[in-house]
Amino acid sequence: MHSVTTIGLDIAKSVIQVHGIDAIGKVVIRRQLKRRYVLAFFQKLPPCLVGIEVCASSHHWSRELKALGHTVRLMPPAYVKPYVKRQKNDAAGAEAICEAVTRANMRFVATKTPEQQSCLMLHRTRHLLIRQQTAVINAIRAHLAEFGVVAPVGRRGVEELLDVVAASSDERVPEVARACVAALGAQLRVLRAQILEFDRQIMTWHRSNETSKRLDEIPGVGPALATALVASVADPKAFRSGRNFSAWIGLVPKQHSSGGKDRLGSISKQGDRYLRSLFTAGALAVIRYAKIHGTKRPWLTALLARRPTKVAAIALANKIARMAWAMMVKGERYKEPAALAA
């Protein structure tokens, strides 16, 4: 067998496709491996470049193969797809990965540590529970509305509905419906307790991480966004500039430019939707605070004078993202603008 220099690895739950080439680009390996044989297979190979698409378990395989001495590069699936020649199958995917990883202009994803993935799991589990909580609240409101029982919007309104169900003297709700809504109410209380517990765990993780505590000093960035940033961005230096980082989150305008004419549209909404929503919520909080307390922010004041609030919030979220990237790269603390410092 010729010496393997580059391998494309198409990973899956149980069957993994390997496509390897030598220094001149000749195919020397094309085979399938069961999951339990992957590490033993790579132990026998000399150190080589391994390309993997970013997907479920990709960071795990990256850490394992790096421990064996191989150089691993993770790539977004969207950037690998153009290299698939015709039909989509495991062999074609591994071949495309092998070719894409050798491109000089390919963009790679830094490998996350187990601690970063654990923090991300905290955020994703909490976000899932919040969605389930919203679904249960909507179900309670919809079911009781069928019997003419409605309440104001907000948490107090839901509590009023549960009080109606708990009162057996209220004859508007039949017993069968009362039992159903009571079960939903019990589930809602459990979800709220679990969400509070995850909030405490996120705060504990935040207090134990120096970078997260520094990011928390930026107006509009709280513990949730700070921890999510530290967990999501394995290597901030992988981005060439703050604008590239903001574009990765999806906070820059879409371009449809041609013939020397720049045409910019709405934001691209590419990248991590969760991070983008946290940045936008933080920007709206800064704008709301500035309006209530009259904080002097010349740039924001001028922007709000000519643009709607939510448009200004997106621009401010873009600005906050760039500041966060600069602080992560340079290891600096937040510095107030001259107008506020005065």
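Lys269 is exposed, with a relative accessible area of 58%. On the scale used here, buried means under 20% relative accessible area, exposed means over 50%, and partly exposed is in between, with a 1.4 Å probe and protein chains only. Before going on, the conditions: this is a predicted model, local features need pLDDT of at least 70, side-chain atom pairs count only at pLDDT 80 or more, and totals for chains, interfaces and linings use all residues. Residues are numbered from 1 along each chain as its sequence is written, and side-chain values use heavy atoms, with hydrogens and water left out.

Back to Lys269. The residue is in the loop between β7 (264-267) and α11 (273-293). Helices (H or I, at least four residues) and strands (E, at least two) are DSSP runs, numbered from the N terminus. The phi of Lys269 is near 55 degrees, a positive value in a residue other than glycine. Ser57 also has a positive phi without being glycine, near 75 degrees. Ser57 sits in the loop between β4 (49-53) and α2 (58-67), and at a relative accessible area of 31% Ser57 is partly exposed.

Next, the pockets. The method works on a 1 Å grid over the protein atoms alone: a pocket is an open set of points where a 1.4 Å probe fits, with protein on both sides within 12 Å along at least five of seven lines, and lining residues have an atom within 4 Å of a point. Grid points are joined across faces, edges and corners, and a volume is the space filled by probe spheres set on the points.

The largest pocket holds about 1,300 Å³ of space. Its lining has 30 residues, and those nearest the centre are Pro76, Val109, Phe239, Trp248 and Gly271. Which elements each supply at least two residues of that lining? They are α3 (77-80), α5 (114-145) and α10 (242-249). Helix α5 has the largest share, with five residues. By class, the lining of the largest pocket divides into 16 nonpolar, eight polar and six charged residues. Here Ala, Val, Leu, Ile, Met, Phe, Trp, Tyr, Cys and Pro count as nonpolar, Asp, Glu, Lys and Arg as charged, and the others, Gly among them, as polar.

The second largest pocket has about 290 Å³ of space. It is lined by 14 residues, with Leu251, Pro253, Ile314, Ala315 and Asn318 nearest its centre. Two or more lining residues come from each of β7 and α13 (309-330), and α13 gives the largest share, seven residues. The classes in this second lining are eight nonpolar, three polar and three charged.

How many aromatic pairs does a search of the whole structure find? It finds four. Rings of Phe, Tyr and Trp (its six-membered ring) pair if their centres lie within 6.5 Å; planes under 30 degrees apart count as stacked, over 60 as edge-to-face and the rest as tilted. Phe239 and Trp248 have ring centres 5.3 Å apart and planes at 55 degrees, so this pair is tilted. Phe239 is buried, at 16% relative accessibility, whereas Trp248 is partly exposed at 32%.

Another pair is Phe41 with Phe42, which is edge-to-face at 5.4 Å centre to centre, with 90 degrees between the planes. Both of these residues are buried.

There are also charges over rings (NZ of Lys or CZ of Arg within 6 Å of the ring centre and within 35 degrees of the ring normal). The charged end of Lys319 is over the ring of Trp299, 4.6 Å from its centre. Arg73 lies over the face of Phe108, at 5.9 Å from the ring centre.

Gln17, in strand β2 (residues 15-21), is buried at 6% relative accessibility. Thr134 lies in helix α5 and is partly exposed at 40%. Its C-alpha is 9.1 Å from that of Leu188, which is 54 residues away along the chain. Tyr274, in helix α11, is buried with a relative accessible area of 18%. Tyr274 and Ser246 are 28 residues apart in sequence and 14 Å apart in space, C-alpha to C-alpha.
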